[in-house]
Amino acid sequence: MIIILEPDLPDQNVTVDAVRAVAARYPGVTVKPYEFRGTTHRFAEVHLLGSTAAVPTAAFESLPGVRQVVRVSAKYRLVGRHDPAHETVGFEHNGVHIDESTVHIFAGLCAVDTPAHVDAMMAALARESIVTTRMGAYKPRSSPYDFQGLGKECLPWVFETAGKHGIRLIAMEATDASHLDEIAEALERAGHPTAVIIQVGTRNAQNYELLKHVGRQQAFPVLFKRGMGITLEESLNACEYIASEGNPRIIFCLRGVKTLLGEPHRNLVDFAHVPVVRRQTRLPVCIDPSHSVGISLRAPDGLPDIFHAVGQGIIAGASAVLVDFHPHPERALCDGGQALTLDMLVPLVEHVRRVRAAYEESVAAFAGRAPAKTGSAQ
Ligand code: PEP
Ligand code: MN
């Protein structure tokens with residue numbers, strides 16, 4: 001059972017204590033309070049765990065400061081969307097508000113290689129007033145002989161260059177818990193010119209120790225990549241692991257699923273799941289067209305397949321795009337074959353803007369209609 005408090009309660013603890021007092025009347029029930037900071041509001045929930053079947057909701061509904069009491073059968077207690085009309089989706093980090101009201105483009109290098117490439121990438125973003133990027137320093141590679149990323153050595157100049165170009169948030173994968181310390185230390189030494197959102201890669205989607213580690217810290221929000229060969233439910237449970245350790249600031253990223261049926265694309269694009277994730281959770285949804293499609297070929301209409309995949313994700317309601325670029329893809333040390341060149345940045349930004357406008361128009365056209373009947377699938 002989840003007791004949702006009114007947002008921004010000045011005397012939140014009084015309500016939490018009142019909930020505790022009522023809950024204490026029922027044996028076998030434990031109380032776990034949570035606080036979330038959305039982009040505009042702070043809100044709190046009290047979760048009752050254990051034998052709650054016999055606990056009446058009315059006992060809590062009448063308490064001052066309680067907005068709603070929800071019995072959850074849903075597995076996703078923390079990341080689940082229990083109150084679609086009111087729930088705050090998203091969070092703010094280093095001045096970047098990630099929620100459902102806008103689309104952020106995390107365009108950047110799959111793998112950091114040279115200072116000149118990082119500078120060229122970030123300068124191109126700055127020209128478009130984009131403050132979000134992706135920069136891989138720790139690369140999980142299929143072969144031990146492939147480039148493994150520059151690791152912590154590159155962090156000082158990556159962060160300094162980000163500061164120079166006004167980049168506020170960098171998506172950077174951590175493949176080991178120690179990488180979070182290295183990133184935190186480098187940010188500290190550099191004087192926090194920018195900030196990082198920790199990417200949990202598809203290969204680590206079920207690395208429960210890493211999930212728990214990123215969940216236990218508050219310094220970094222998390223960009224979680226859907227597991228490539230597991231069910232959506234398993235991936236959502238992985239996010240629940242992160243949240244249940246104390247960090248609910250998670251973006252859920254779809255990046256295609258592994259099956260030969262996706263060929264000639266690298267993976268099978270799964271962006272039809274954007275509305276599913278939004279319905280089932282309160283996590284902002286990101287799409288990664290680069291690792292889904294994996295090639296930079298163009299369709300007969302002139303648009304790269306990657307643009308078409310971006311369109312599919314945005315028209316479905318995604319609020320972030322993680323996309324590989326490289327000033328010289330032929331020189332990239334990782335995934336050059338799927339990197340867009342810098343001259344494609346403005347066309348991509350315009351494409352996203354146009355498709356997002358179409359999405360918003362469509363949503364507005366549906367506003368006021370009775371909610372569609374949902375089928376048995378969630
Ligand atoms: C990446 O984004 O660089 C990456 C390795 O992605 P994924 O974990 O989705 O394969
Ligand atoms: Mn890659």
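# Loops, ligands and a sheet

Reader: Where is the place of Pro264?

Author: Pro264 sits in the loop between β12 (250–254) and α8 (274–280). Bear in mind that this is a predicted model.

Reader: What is the peptide bond from Glu263 to Pro264, cis or trans?

Author: The bond from Glu263 to Pro264 is cis, and its omega is near 10°. For context, most peptide bonds are trans.

Reader: And Asp8, positive or negative phi?

Author: Positive: phi of Asp8 is near 55°, and the residue is not a glycine. Asp8 belongs to the loop between β1 and α1 (12–23). As background, most residues other than glycine have a negative phi.

Reader: Moving to the ligands. Which residues are around ligand 1?

Author: The residues around ligand 1 are Cys110, Arg134, Lys139, Glu173, Gln199, Gly201, Thr202, Arg203, Lys225, Arg255 and His291. By class, that shell has six charged, four polar and one nonpolar residue.

Reader: How far is a polar side-chain atom of Lys139 from an oxygen atom of ligand 1? Lys225 too, please.

Author: For Lys139, a polar side-chain atom lies 2.8 Å from an oxygen atom of ligand 1. For Lys225, the distance from a polar side-chain atom to an oxygen atom of the ligand is 2.7 Å. His291 also has a side-chain N or O atom 3.5 Å from an oxygen atom of ligand 1.

Reader: How much of ligand 1 does the protein bury?

Author: The protein buries 97% of the 290 Å² that ligand 1 exposes when taken alone.

Reader: Now the metal. Which residues coordinate the manganese ion?

Author: The manganese ion (ligand 2) is coordinated by Cys110 through SG, His291 through NE2 and Asp335 through OD, at 2.0 to 2.3 Å. Cys110 and His291 are also among the residues around ligand 1.

Reader: How are those donor residues spaced in sequence?

Author: The spacing is C-x180-H-x43-D. His291 and Asp335 link distant parts of the chain, 44 residues apart. His291 is in helix α9 (residues 289–293), while Asp335 is in the loop between β14 (320–324) and α11 (345–366).

Reader: Last topic, the open sheet of four strands: what order?

Author: The order is β2-β3-β1-β4, with antiparallel pairing. β2 (29–37) and β4 (66–70) are the edge strands, each pairing on one side only. From one strand to the next, the twist averages 20°.

Reader: How many bridges join β1 to β3?

Author: Three bridges join β1 (residues 2–5) to β3 (residues 42–50), and the two strands run antiparallel. Ile3 has Val46 in β3 as its bridge partner.

Definitions and conventions. Residues are numbered from 1 along each chain as its sequence is written. Chains are lettered from A and ligands numbered from 1 in the order in which they are written. This is a predicted model: local features need pLDDT of at least 70, side-chain atom pairs count only at pLDDT 80 or more; totals for chains, interfaces and linings use all residues. Side-chain values use heavy atoms; hydrogens and water are left out. Two strands pair if DSSP finds at least two bridges between them. Axes are lines fitted to C-alpha atoms, for helices over the stretch in contact, and angles run from 0 to 180 degrees between N-to-C directions. A residue is near a molecule or strand if one of its heavy atoms lies within 4 Å of it. A polar contact is a pair of N or O atoms within 3.5 Å; within protein, one must be able to donate a hydrogen and the other to accept it, and residues adjacent in sequence count only if both atoms are side-chain atoms. Accessible areas come from the Shrake-Rupley method with a 1.4 Å probe; for residues, only the protein chains shown count as cover. Ala, Val, Leu, Ile, Met, Phe, Trp, Tyr, Cys and Pro count as nonpolar, Asp, Glu, Lys and Arg as charged, and the others, Gly among them, as polar. Donors are N, O and S atoms within 2.8 Å of the metal (3.2 Å for Na, K and Ca); water is not among the atoms, so sites may look incomplete.
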